[in-house]
Amino acid sequence: MSKTSLAIILGGGQGSRLAPLTESRSKPAVPIAGKYRLVDIPISNCINSDIKRMFVLTQFNSASLNQHIKNTYHFSHFSTAFVDILAAEQTPDNRTWFQGTADAVRQCMQHFLNHDFDYALILSGDQLYQMDFNKMLKAHQDSGASITIATLPVNAKEAPEFGILKTDSESLITSFIEKPDASLLPQWTSDVSDEMKAEGKLYLASMGIYVFNRDLLVELMKNQETKDFGKEIIPQSIGKEKVLSYQYEGYWTDIGNIDSFFEANLGLTDDIPKFNLFDNSSKIYTRARVLPPSKITGTSSIDKSIVAEGCIINGCSIEHSVIGIRSRIGHGSTIMNSYLMGNDYYQNIDEIRSNIANNITNIGIGERCFINNTIVDKNCCIGDDVRLNGGKHLADTDTPLYTVKDGIIVVKKGAVLPNGFTV
């Protein structure tokens, strides 16, 4: 069934809620877990499900995403597999940017129709989960549905953040409400498993993952007025088409803002994380880099943390943190509850010595620093004795060097923080 499916991965809009991480890159290109990019998640789910024809639709800051996909996903010359980027483009028929998720698919339709497929699998580029799409496609086919929506049981606290669906005894969707007020929830419970009931997860939320029959998608895309799947196409199709709910009970999170992004990354350090990077059958693929192993010297202490390859850690303390590729952390520094994205390159010994002699801050984290509740973006130069102590005591702010959101300090990509800098 995977052979008759085509995957369309939506790159997302401007990603302003994830700023400043999206100031110079698109949302799917944001680094996650110290060595991957967000877009690697849906692509890996597709590869693991043997769906190897994928389009990624982007329009904002797509250069680094294009580069990552070009350098990462190479398939055999003798296979039909591909991951193609479709950036928003002006044509004689259309002179506007993508106006929404459905509009993005509409504008790229000519490219999809060059391929044979029975089912279009529409995915988001900014979610963290591991799913076998073949099970969803089989449920879609077995039920004779025209559209299938992946749904997640959620509790009353989470429900107002989602589009909530109601199903009948055959799991067909009978009604839909976008972000319902808490007072309406008693009318919107659905049939869920006993395990989900025990957790108080009585409401079915749309995960923004859809299967469409090819012919129906072609027909729906003829309506120029509809711009969005979640807000228009899905609600308008209920009652007219056979729309199936495919319940998924695994780990899933929508990385929509800094808080959820931060939580998802630090969650990977749990003893048994909800999102399992250490899984033979659900590998996460990314660019294969030729990097040395990480080197840890001095009396370093590392607890409940992930350290990516190519790092140099000198006699420091790391706790409940994710340390990204090529990170360099100086002697006597403490890193707690933080995500260091790492660096794109190394400085050589001569350059480091020259910088020290000329009071220029080297790339990485200096000596005797204290970093807590902080995201440090790529290629930052943080001097000695720098103190970044995030927490609810900090008001939201935005400066040229860093942003504070929900108590989390985000040091901007390439920022240089001088010796003794404090937040």
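Which residue of strand 18 stands opposite Ile302? The structure examined here is a predicted model, in which local features need pLDDT of at least 70, side-chain atom pairs count only at pLDDT 80 or more, and totals for chains, interfaces and linings use all residues. Residues are numbered from 1 along each chain as its sequence is written, and side-chain values use heavy atoms, with hydrogens and water left out.

Opposite Ile302 stands Ile318 in strand 18. Strands (E, at least two residues) and helices (H or I, at least four) are DSSP runs numbered from the N terminus. Strand 18 (residues 317-319) runs parallel to strand 15, to which three bridges join it; two strands pair if DSSP finds at least two bridges between them. Both belong to an open sheet of five strands with parallel pairing, in the order 15-18-21-24-27. Strand 15 (301-303) and strand 27 (387-389) stand at the edges and have a single partner strand each, so one side of each lacks a neighbour in the sheet.

The second largest pocket has a volume of about 560 Å³. A pocket is an open set of points on a 1 Å grid over the protein atoms alone, where a 1.4 Å probe fits, with protein on both sides within 12 Å along at least five of seven lines; lining residues have an atom within 4 Å of a point. The volume is the space filled by probe spheres set on the points, which are joined across faces, edges and corners. Of the 25 lining residues, Arg328, Ile352, Ile356, Asn362 and Ile363 are the closest to the centre of this pocket. Helix 10 supplies the largest share of the lining, four residues.
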